[in-house]
Amino acid sequence: MLTILIDGIAYGMLLFVMAAGLAVTLGLMNFVNLAHGAFAMIGGYVTALAMNRLGMPFLLTLPFAFLVPALVGVIAERLLYARLYRRSHLDQVLFSIALVFMAMAGTDWLLGSSQQLITLPGWLQGRFEVFGVGIGRYRAFLIVICAALVVGLQLILGRTRFGARLRAAVDDQRAARGLGINVGGIFAATFAVGSGLAGLGGALGIEMMGLDPTFPLKIMVYVLIVVTIGGTASLTGPFIAALLIGTADVAGKYYLPELGAFLIYLVMILLLILRPQGLIARAR
């Protein structure tokens, strides 16, 4: 049971890293970006191609899995997304879901539809025991890396000048510009970081979730569930929701495999009945 719990926490941490960018863009920037999973796919393919075709070590590919989607995110934000900030959420949803299908079709055409496989370094394979509890080395690695990212994100958004400027730009763009804040630059940087985190999550998730051109659609459901359950007031809610969903999914597939992924939808329904505004609601 403890092994399953640790695996669930690792999976939940991974979901949070991929969902954090959407939580920021939806909660702070009020922009619905359903193409978030496409940036996760880009990061995953960067790692897979760098390892399989260029022979790069796994750890060395991770910075590129962050930087490449971040760069693509900046370009997309300046050329495409910035034009939709003042449009309705329906327009944003339709536009971003179209990008998802374009990204899937383009990836399938360029790289094929087969699964991308990677070989982890030896020190990340296998398990070790702590007080008789078997812990996967890669799961422990994910927990440490993702926990560091969670702490870093909370500090950046809550304790830095950048975080204060972002909140000010979201609350009142006109007043923020009057105070000399570069709202466009703040939004572009935020979008880039969110896209980069999604890409990093996609790279870290290859071993657990697989990777193929349909990856954006598969991960989009989980990411939306995490953000919906957690709420968009802060990153704390999505973080708790990701841990709950990850643990429920792993435990359900182990104890009730015949239900498949139904258990996480049941958890979502129950939590939304009890907390329709999300686990952490924005103060009125």
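Select Glu77 and Arg78 to begin, where the two side chains form a salt bridge, with the closest N and O atoms 2.6 Å apart; the term stands for a side-chain nitrogen of Lys or Arg within 4 Å of a carboxyl oxygen of Asp or Glu. Within this pair Glu77 is buried, at a relative accessible area of 0%, whereas Arg78 is partly exposed at 41% (buried is under 20% relative accessible area, exposed over 50%, and partly exposed in between, with a 1.4 Å probe and protein chains only).

What you are viewing is a predicted model, in which local features need pLDDT of at least 70 and side-chain atom pairs count only at pLDDT 80 or more, while totals for chains, interfaces and linings use all residues. Residues are numbered from 1 along each chain as its sequence is written, and side-chain values use heavy atoms, leaving out hydrogens and water.

Next, select Arg87 and Asp91, a salt bridge whose closest N and O atoms are 3.2 Å apart. Here Arg87 is partly exposed at 46% relative accessibility, and Asp91 is also partly exposed, with a relative accessible area of 26%.

Then move to Arg127 and Asp7, whose side chains meet in a salt bridge at 3.6 Å, N to O. This pair links distant parts of the chain, 120 residues apart, since Arg127 lies in strand 1 (residues 127–130) and Asp7 in helix 1 (residues 2–27); helices (H or I, at least four residues) and strands (E, at least two) are DSSP runs numbered from the N terminus. Asp7 is buried at 13%, while Arg127 is partly exposed at 48%.

Across the whole structure, a search finds six salt bridges.
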